[in-house]
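Here is a friendly walk through one protein chain, meant to be read with the structure open beside you. Take a moment to turn the model around before reading on.

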Amino acid sequence: MFHKITDRFGIGIAIIILFIFLSISSPHFLEINNLLNILLQVSISTIIAVGMTFVIMTSGIDLSVGPLTAFSSVIIGLTLHLDIGIGIPILTGILVGGLLGLINGVLIARLKIPAFIATLGMMSVARGAALFITNGQTIHMFPSEFRFFSAGSIEKIPIPVIYALIVVILAVFILNYTKFGRYIYAIGGNKEAARLSGINVKAVETWAYIISGITCGIGAVILTGRLNAAQPIAGIGYELDAIAAVIIGGTSLNGGEGTITGTLMGAILIGMLRNGLNLLNVSPFLQQIVIGSVIVGAVFFDQYRRSRKDSKAAKGLSRSNEITEGNNSITPKL
């Protein structure tokens, strides 16, 4: 019973406990502006974590999301200075993210390069390209309409929060109500079985990385607007936040399990934790230790949950064999 509750509601319970603790510990935590600030802070990491969820569900990993976001941001910054409006620069930045995701997907699904190595290489390539085309300089001075579109507010509600919600809703729909979503779960559960059942594993895997790249592009639009600048060194640590949100949200590193709502809650938990530690004047260095410990704890819990499930399945199989053998021994007597 305890295990069922922790499996289904563990992340929700953790958020409630943290919420109560911070409400008591800091008088500023419950202020509307602070709560909106938490949502604003987690909007980019939530969007990128949604893309990461697709990848991890196929039992892959994408370590290049930070540099991909920085490179897309630089492309947006450069094209905004061409005086061609804001629509084409935004679309270009998102498409560039998707294109780099496509390259990741081809390297991993078609050329069979391990995801860890391929995305590690892309991390270096994208960061180097962003630094090269800007000569290491930050790009400034963007139109006010772009800043409003990417990072403004509507009735005090930050627009990036609205974008994050739209991305989450779309991803929930794709994963739960489309064939593609079912294929993602199937490939993560057993890639060979999925292939034998007729699923185009390579194409689905490639699309998972494209989606991850597109979410980096969307994150880049918000990041560029919030900073009012395109920085080639931006996005450092995004991969850690995205992977942490996905794992803490209940998606298994082995693939085949997880939900987008879990990822959203994982991102909110990390955001609340960071915000609370700031309000309590905890050292930024200590914050890194706390966040890292939470990630390790979440991975440990995932492995424990999986080993418990495997143990149950093994017991069930053993019991089934005993019944079968028992029936076989009875059959001759009949």
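## Starting inside: isoleucine 184

Isoleucine 184 touches Phe54, Met57, Thr58, Leu175, Val204 and Ala208, leaving aside residues up to four places away in sequence. Contact here means heavy atoms within 4.5 Å.

A word on the source: this is a predicted model, in which local features need pLDDT of at least 70 and side-chain atom pairs count only at pLDDT 80 or more, while totals for chains, interfaces and linings use all residues. Residues are numbered from 1 along each chain as its sequence is written, and side-chain values use heavy atoms, with hydrogens and water left out.

## The chain as a whole

The protein chain has 13 helices and two strands. These are DSSP runs numbered from the N terminus, with helices (H or I) of at least four residues and strands (E) of at least two. Of its 334 residues, 46% count as buried; buried means under 20% relative accessible area, exposed over 50% and partly exposed in between, with a 1.4 Å probe and protein chains only.

Among contacts between residues at least 6 apart in sequence, 78% join residues at least 24 apart. The chain exposes about 17000 Å², and carbon and sulfur atoms supply 68% of that area, by the Shrake-Rupley method with a 1.4 Å probe; for residues, only the protein chains shown count as cover.

In soluble globular proteins, nonpolar side chains tend to be buried together. A nonpolar core is a set of buried Ala, Val, Leu, Ile, Met, Phe, Trp, Tyr and Cys residues joined through side-chain atoms within 4.5 Å. The largest one here has 81 residues, of which Phe54, Phe146 and Ile184 touch the most other members. Helix H2 (residues 32-57) gives the most to this core, with eleven residues.

H2 is mostly covered, with 19 of its 26 residues buried. From first C-alpha to last it reaches 35 Å, close to the 38 Å expected at 1.5 Å a residue, where the expected span is 1.5 Å times one less than the number of residues. At serine 43, H2 bends by about 40 degrees, the angle between axes fitted to the seven residues ending there and the seven starting there.

## Aromatic pairs

The structure holds five aromatic pairs. Rings of Phe, Tyr and Trp (its six-membered ring) pair if their centres lie within 6.5 Å; planes under 30 degrees apart count as stacked, over 60 as edge-to-face and the rest as tilted. Phenylalanine 54 and phenylalanine 180 are stacked, at 6.4 Å centre to centre and 25 degrees between the planes. Phenylalanine 54 lies in H2 and phenylalanine 180 in helix H8 (residues 179-189), so this pair ties together parts that are 126 residues apart in sequence.

The rings of phenylalanine 142 and phenylalanine 146 have centres 6.0 Å apart and planes at 80 degrees, so that pair is edge-to-face. Both phenylalanine 142 and phenylalanine 146 are buried.

Is threonine 251 buried or exposed? Threonine 251 sits in the loop between helix H11 (238-248) and helix H12 (260-279), and at 0% relative accessibility it counts as buried. Among the residues that threonine 251 touches are Thr53, Ile56 and Met57.

Aspartate 83, in the loop between helix H3 (65-80) and helix H4 (87-110), counts as exposed at 70% relative accessibility. Glutamate 155, in the loop between strand S1 (153-154) and strand S2 (157-158), is exposed at 73%. Phi is positive in aspartate 83, near 55 degrees, and in glutamate 155, about 50 degrees.
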